[in-house]
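Please brief me on this protein. Keep it short, and group the points by topic.

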Amino acid sequence: MKVIRTIKQMRDELRSFRKLHPEGSVGFVPTMGYLHEGHESLLRAARNECDLAVASIFVNPLQFGPNEDYEQYPRDEQRDLAVCERVGIDLVFKPEPSEMYPKPMLTKVTVDQVSAGLCGANRPGHFDGVCTVVAKLFHIIQPDQAYFGMKDAQQVAVIMQMVEDLNMPVNIIPCPTVREPDGLALSSRNVYLTAEERQQAPVLYRAL
């Protein structure tokens, strides 16, 4: 497994792969890290279905609002890389924000209507940040298939709309939500829950 931190090196690696395996498929799993079993299910799908399995680990500042948890978002690089290696990922793209955004971004990708309501109603600009970074990652990695968890169902719908509207040559693979035994969906942010909140959280799943 190779850990790659620059766009140029990532493109060089993919160019070499395409040259050696012109018919080979590239599977891609974009993540913000702090990987759990839900992420691992996506990584395994990419590993099992594609010739080259690529993951990205990048906490994307564009999708966080001014009062959100960008600085506090959980991070654990060594654990994340160990998960990727255990699954058999070939390339891990782990850039710094300065590599992805060396200058202030004057371009953004916006998907209307699908991004309205639900999460989009409470987090203005969130999906613009998601679409912009995913579009950048798709251009850098040029995957044949990209894997997203249905835990973030609205995000999956937004990404699929973007890919369709912009004729991006990538097949989006929605994957089932992975849950705790009591029904709580696995999430990196679950570490924020107090013991009492953790007991209360599955009520939403049971109600649905």
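Helices (H or I, at least four residues) and strands (E, at least two) are DSSP runs, numbered from the N terminus. By that count, the protein has nine helices and six strands. This is a predicted model, in which local features need pLDDT of at least 70, side-chain atom pairs count only at pLDDT 80 or more, and totals for chains, interfaces and linings use all residues. Residues are numbered from 1 along each chain as its sequence is written, and side-chain values use heavy atoms, with hydrogens and water left out.

**Overall shape and surface**

- The radius of gyration is taken over C-alpha atoms, and the globule rule is 2.2 Å times the number of residues to the power 0.38.
- A compact globule of 208 residues would have a radius of gyration near 17 Å, and the protein agrees because it has 17 Å.
- Along the principal axes, the C-alpha atoms fill a box of roughly 55 × 40 × 30 Å.
- Contact means heavy atoms within 4.5 Å. Of the contacts with a separation of 6 or more, 78% are between residues 24 or more positions apart.
- The protein exposes about 11400 Å², and carbon and sulfur atoms supply 52% of it. Accessible areas come from the Shrake-Rupley method with a 1.4 Å probe; for residues, only the protein chains shown count as cover.
- Buried means under 20% relative accessible area, exposed over 50%, and partly exposed in between (1.4 Å probe, protein chains only). Buried residues make up 47% of the 208 residues.

**Nonpolar cores**

- A nonpolar core is a set of buried Ala, Val, Leu, Ile, Met, Phe, Trp, Tyr and Cys residues joined through side-chain atoms within 4.5 Å.
- The largest one has 36 residues, and those with the most contacts inside it are M10, F93, M100, F138, I141 and M162.
- At least two residues of this core come from each of helix 1 (7-20), strand 2 (26-31), strand 3 (52-57), strand 4 (91-93), helix 6 (126-141), strand 5 (145-149) and helix 7 (153-165).
- Helix 6 gives the most to this core, with ten residues.
- A second, separate core has 19 residues, including L43, A45, A55 and I89.
- Beyond four places in sequence, M162 touches V109, V111, C131, V134, A135, F138 and M168.

**F58, a buried loop residue**

- F58 sits in the loop between strand 3 and helix 3 (77-87).
- F58 counts as buried because its relative accessibility is 5%.
- Leaving aside neighbours within four places in sequence, F58 is in contact with T31, M32, P95, E96, P97, M100, Y101 and V133.
- F58 and P95 are 37 residues apart along the chain, yet their C-alpha atoms are separated by 6.6 Å.

**Helix 5: G120 and L118**

- G120 is found in helix 5. Its relative accessible area is 18%, so G120 is buried.
- Not counting residues up to four places away in sequence, G120 touches S115, F127 and Q154.
- L118 is not a glycine, but its phi is positive, near 50 degrees.
- L118 counts as exposed because its relative accessibility is 68%.

- N167 lies in the loop between helix 7 and strand 6 (171-175).
- N167 has a positive phi of about 55 degrees, although it is not a glycine.
- With 64% relative accessibility, N167 therefore counts as exposed.
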